Amino acid sequence: MTEDVSQPLVATPKPAAGFLRAMLAVVWKDMAAELRSRELLSAMLVFALLVILIFNFALELDTKTRSTVTAGVLWVTFAFAGTLGLNRSMAMEKDRGCLDGLLLAPVDRSAIYFGKAIGNLIFMLIVEIIVLPVYSVLYNTNLFNPGLLLVILLGSIGYVAVGTLLSSMAVQTRTRDVLLPILLFPVVIPVFIAAVKASSGFLQGIEMAEIQPWLTLLVVYDVIFTAVAFMVFDYVVEE
Amino acid sequence: MEPKPRLLTLLDIVTVLMLIIATAMVFFYAPMEAVMGNVQRVFYFHVAAGWVGMLGFLVAAVAGVIYLITSGQKWDRVGLAAVEIGMVFALINVVTGSIWARPIWNTWWTWDPRLTTATIMLLIYAAYLLLRQGLDDPDRRARFGAVYAIVGFLSVPLTFFSARLFRTIHPVVVGTNQPGATGAFDMTPIMLQTFLFSLLTFTFIFIDLLWHRVRLGKLADQVEQMKLKATI
């Protein structure tokens, strides 16, 4: 009797592997398309550098102000460049009915969500990894702090988890070009606050006990919103 | 076309009566607060309006969940109605708060966690309405509205928490005799009665308006369908 019951349990790893394969296929598709066109990353990067340039004049980034506002400048840059990337990555799918093609594939819809989200996360991390040394050189500060890198990873995960969900809604509207930041920014404010405070904490060498609550908040946000987006994504792409 | 339900008419009358009584209580029954004077009387409707704003958001999120599960059109109408009413009351809350803050805190605005959260809530409501405006297909509009109401509602407590954490680590004193989070006055029993009655009154207003708005939405849909039939 017991052997019969255990039989289907052994067979369960198979759909999980299928899910993983479908997800990686979506990620790979985005990477391959980007490798050939390079339109998304180049736009995000140039835009990010322009934002830093504008901040340079808007805030008069001299040595004294720099130490306190660096974290804020970095996160505003990432957020703006991130919106650009999210919008483009979903508009690409919508463009010639690619999204419909993706949805026709006999895979779990959430595999598509995670695939797109991981693709967006990779693009965002690439931009961040390039912006950091450029900022370090331009302003003669060392930003290569393992704590800061952790905050950037956690913050980007939260941003992309919500951003992928909302951008797939935004591209289906009439006002698609302007809607994403309006939908996204009020919802990701906790990520901004926590990421800016934690980053500036690491950059100024504040003790860990004071940074800890912000890191916890980022992790909590990431978990909650990845779970929610995972649950509701089906309804967003449903036809 | 169905006639107006009798119970709704009754609710209208009760709500108006309650609002009149509550206003009278605020001005004549409740005592004048010793330190702040008459301006403190804004407190009763200020908090009540804030409560209705939160309630609207909660109802919209719950209606969103039910809509996604059942896809009943009714729940979409409830969600939209709750957001519209909630937005108006959240705005009343912010404006009355500013009126109260000007003489007491000596500023129209401070970046206190509550104020910050209330503003961000308003912005989420506005984004919700903009999202719906950009969609023509009623089914998709309902689905996206439901999803955004849920996501927005979940982010509000996190926003409040992060804004409060922001203050505790960096205590910014805005050079004011800032009363504590709930106001630095002790409520006398009469004040408490007035306050609770105001809360109840505003809850009734919310239910009454919600009912009207849902009914209006239903009628609008019926008109839409009739128009379609007429053109065919």
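Me: How many salt bridges does a search of the whole structure find over all chains?

Reply: The search finds 11 salt bridges over all chains. A salt bridge is a side-chain nitrogen of Lys or Arg within 4 Å of a carboxyl oxygen of Asp or Glu. This is a predicted model, in which local features need pLDDT of at least 70 and side-chain atom pairs count only at pLDDT 80 or more, while totals for chains, interfaces and linings use all residues. Residues are numbered from 1 along each chain as its sequence is written, chains are lettered from A and ligands numbered from 1 in the order in which they are written, and side-chain values use heavy atoms, with hydrogens and water left out.

Me: What makes the meeting of the side chains of Asp30(A) and Lys116(A) a salt bridge?

Reply: The N to O distance between Asp30(A) and Lys116(A) is 3.1 Å, and the limit is 4 Å. The pair links distant parts of the chain, 86 residues apart: Asp30(A) is in helix 2 (residues 13–37) of chain A and Lys116(A) in helix 6 (residues 109–139) of chain A. Helices are DSSP runs (H or I, at least four residues), numbered from the N terminus.

Me: Why is Asp30(A) called buried?

Reply: Buried means under 20% relative accessible area, exposed over 50%, and partly exposed in between (1.4 Å probe, protein chains only). Asp30(A) has 2% and therefore counts as buried. Lys116(A), with 1%, is buried as well.

Me: What parts does the salt bridge of Arg77(B) with Asp221(B) tie together?

Reply: The closest N and O atoms of Arg77(B) and Asp221(B) are 2.6 Å apart. Arg77(B) lies in helix 3 (residues 73–104) of chain B and Asp221(B) in helix 6 (residues 189–231) of chain B, so the pair ties together parts 144 residues apart in sequence. Arg77(B) counts as buried at 16%, whereas Asp221(B) counts as partly exposed at 31%.

Me: Why are helix 3 of chain A and helix 4 of chain A called roughly antiparallel?

Reply: Angles under 35 degrees count as roughly parallel, over 145 as roughly antiparallel, 65 to 115 as roughly perpendicular and the rest as oblique. The axes of helix 3 (residues 39–59) of chain A and helix 4 (residues 63–95) of chain A cross at roughly 150° and come within 9 Å. Helix 3 of chain A and helix 4 of chain A are therefore roughly antiparallel. Axes are lines fitted to C-alpha atoms, for helices over the stretch in contact, and angles run from 0 to 180 degrees between N-to-C directions. The residues of this contact divide into 16 nonpolar, 5 polar and 2 charged. Here Ala, Val, Leu, Ile, Met, Phe, Trp, Tyr, Cys and Pro count as nonpolar, Asp, Glu, Lys and Arg as charged, and the others, Gly among them, as polar.

Me: Is Gly85(A) buried or exposed, and with which residues is Gly85(A) in contact?

Reply: Gly85(A), which lies in helix 4 of chain A, has a relative accessible area of 5% and is therefore buried. Leaving aside neighbours within four places in sequence, Gly85(A) is in contact with Leu40(A) and Met44(A), where contact means heavy atoms within 4.5 Å.

Methods: Helix = DSSP H or I, 4+ residues; strand = E, 2+ residues; numbered from the N terminus.
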